[in-house]
Amino acid sequence: MVLEGSSEALCPPPSLELRPSCNKSQPSAPLGSGPHPPEGLYPGDKEPVKYGELIVLGYNGSLTNGDKGRRRSRLALYKRPKANGVKPDVIHNISTPLVSKALSNKSQHSISYTLSRSHSVIVEYTHDSSRDMFQIGRSTESMIDFVVTDTSPSGHGGGGEGGQSAQSTISRYACRILCERTPPYTTRIYAAGFDSSNNIFLGERAAKWRTSDGLMDGLTTNGVLVMHPAAEFVGELAPGVWREISVCGNVYALRETRSAQQRGKLVENESNALQDGSLIDLCGATLLWRTPAGLRRTPTLKQLESLRQELNAARPQCPVGFNTLAFPSLAQREIVDKKQPWVYVNCGHVHGYHNWGFRRERGAGPGAGGAGGSLATTGDRECPMCRRVGPYVPLWLGCEGGLYLDEGPPTHAFCPCGHVCSEKTVRGWSQIPLPHGTHAFHAACPFCGTWLTGEHGYIRLIFQGPLD
């Protein structure tokens, strides 16, 4: 593949051996794509080492059509039976027309930097027995461990500047993650992944440059952005600063726009090492990295089900119709139940569904916002309790436990989508600006991706208890 961008005037260095030669790159071992590693891969281990989990924002626990194989909403990375990591070895300066011949060895990992029509630099990579490598991208080829496609959340407005494009903006070979096989199992991210020929190509127009130590580096077309939390993710969440990660894992300030030709300034005091709560944006999908220690402080699916049952056991009632409300099963999604609670997102009063209370804007036609809508109808309504006007939506429990910041009770909901979780979770995510398009940033619900609205982006739920 050719990753397009911009180039700078570069002077070719002499050939440089980065490390003593050793065994050549070895093919990747298969990766377990489910929540548990494949059986039989770790015969000597009582419990396999888990490096962490990647969670795609906006899917609330599973893809729309279900998680299948390497295409899923969540992927756990486990220690491989055999290391498949690679590290830079030797740099070659060659004539550009000879690049294809130089890259004919498909067992050899390499990165090719095309400086001009007549000159290229090839960095050969060799086997690294101390690290495991995992690759992420849009391609369904076997070398991609985690297949990620563009997330199409509701509430983004679509179209216009910064709107969702029908054409995918995620690279086929977006990034690679390398995990140390020994404690503390440091995990690092790098832009771009190796293709089926074990190569990464940065074409003549790609952003690339020579580093201060004489080596090569570059950026992908739309970039790989990372934001590390400024504080402990499961503590008092404080968002960090979005940075761009280069092909060699260096950290840079953001470009003016996502695919601008000029790179940002090198940030020398920051690292490409992922930590609990690090966000990875691939320009079309955003992933959350959770460590095993961090996941132990979040609710499991079983705990979320218990919380749902506790809510229903309290027998919340509609304050107008006096009918008992109940949150549907966690497995039931996007199908509104008759007993499902609904909320006026501008005030937080919880009701059962009703098809009255629409407010017509001035100058609207006689049919605008009329009553008689179906369960799927949403629009501005007047709350019968406090008379505040705003969206009226069904409430849904957040099913992806990895997105929670604590195990607190589900007392709040994101606005305007109605996903319910703990107070700490809504407060934390409402502070995080997520990338969208080429230069836009918006706080969004992590469960569905809807842009947050209102003063805070969330609301405290006001339930009416049973009269008896």
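How many aromatic pairs does the structure hold? The structure holds twelve aromatic pairs. Rings of Phe, Tyr and Trp (its six-membered ring) pair if their centres lie within 6.5 Å; planes under 30 degrees apart count as stacked, over 60 as edge-to-face and the rest as tilted. The model is predicted: local features need pLDDT of at least 70, side-chain atom pairs count only at pLDDT 80 or more, and totals for chains, interfaces and linings use all residues. Residues are numbered from 1 along each chain as its sequence is written, and side-chain values use heavy atoms, with hydrogens and water left out.

**View 1. Phe233 and Trp429 form an edge-to-face pair.** The ring centres of Phe233 and Trp429 lie 6.2 Å apart, and their planes stand at 80 degrees, so the pair is edge-to-face. Phe233 sits in the loop between β14 (224-227) and β15 (243-245), and Trp429 in helix α4 (residues 423-429), so the pair ties together parts that are 196 residues apart in sequence. Helices (H or I, at least four residues) and strands (E, at least two) are DSSP runs, numbered from the N terminus. Phe233 and Trp429 are both buried. Buried means under 20% relative accessible area, exposed over 50%, and partly exposed in between (1.4 Å probe, protein chains only).

**View 2. Tyr404 and Phe447 form an edge-to-face pair.** Their ring centres are 5.7 Å apart and their planes at 65 degrees, so the pair is edge-to-face. Tyr404 belongs to the loop between β23 (396-397) and β24 (412-414), and Phe447 to the loop between β27 (440-442) and β28 (458-460), so the pair ties together parts that are 43 residues apart in sequence. Tyr404 and Phe447 are buried.

**View 3. The charged end of Arg263 sits over the ring of Trp209.** It lies 4.4 Å from the ring centre. The criterion: NZ of Lys or CZ of Arg is within 6 Å of the ring centre and within 35 degrees of the ring normal.

**View 4. An aromatic cluster and a four-stranded open sheet.** Trp342, Tyr344, Tyr353 and Tyr392 form one aromatic cluster. The sheet has the order β20-β19-β22-β21, with antiparallel pairing. Two strands pair if DSSP finds at least two bridges between them. β20 (350-351) and β21 are the edge strands, each pairing on one side only. Strand β19 (residues 342-344) runs antiparallel to β22, and three bridges join them. Tyr344 faces its opposite number, Tyr392, in β22.

**View 5. Seven strands form an open antiparallel sheet.** The order is β3-β2-β18-β17-β14-β15-β16. At the edges are β3 (74-78) and β16 (251-252), each of which pairs on one side only. Within the sheet, strand β2 (residues 50-56) pairs with strand β18 (residues 286-290) in the antiparallel sense over four bridges. Ile55 has Leu288 as its bridge partner in β18. Strands of a sheet pair through backbone hydrogen bonds, either parallel or antiparallel.

**View 6. Strand β5 (residues 110-114) is mostly covered.** Five of its five residues are buried. Ser110, Ser112 and Thr114 point one way from β5, while Ile111 and Tyr113 point the other way. In a regular strand the side chains alternate between the two faces of the sheet. β5 pairs with strand β6 (residues 120-128) in the antiparallel sense over five bridges. Thr114 has Ser120 as its bridge partner in β6. The two strands, β5 and β6, form a hairpin with five residues between them. β5 also pairs with strand β11 (residues 199-202), in the parallel sense over four bridges. Here Ile111 has Ile200 as its bridge partner in β11.

View 7. One joins Pro183 and Pro184, with omega about 5 degrees. Pro184 is in the loop between β9 (175-180) and β10 (187-191). Another runs from Cys415 to Pro416, with omega near 10 degrees. Pro416 is in the loop between β24 and β25 (419-421).

**View 8. Positive phi at Asn198 and at Arg387.** Asn198 is not a glycine, yet its phi is positive, about 65 degrees. Asn198 lies in the loop between β10 and β11. Asn198 is buried, with a relative accessible area of 18%. Arg387 is likewise not a glycine and has a positive phi of about 70 degrees. Arg387 lies in the loop between β21 (380-382) and β22 (389-394). Arg387 is exposed, with a relative accessible area of 56%.
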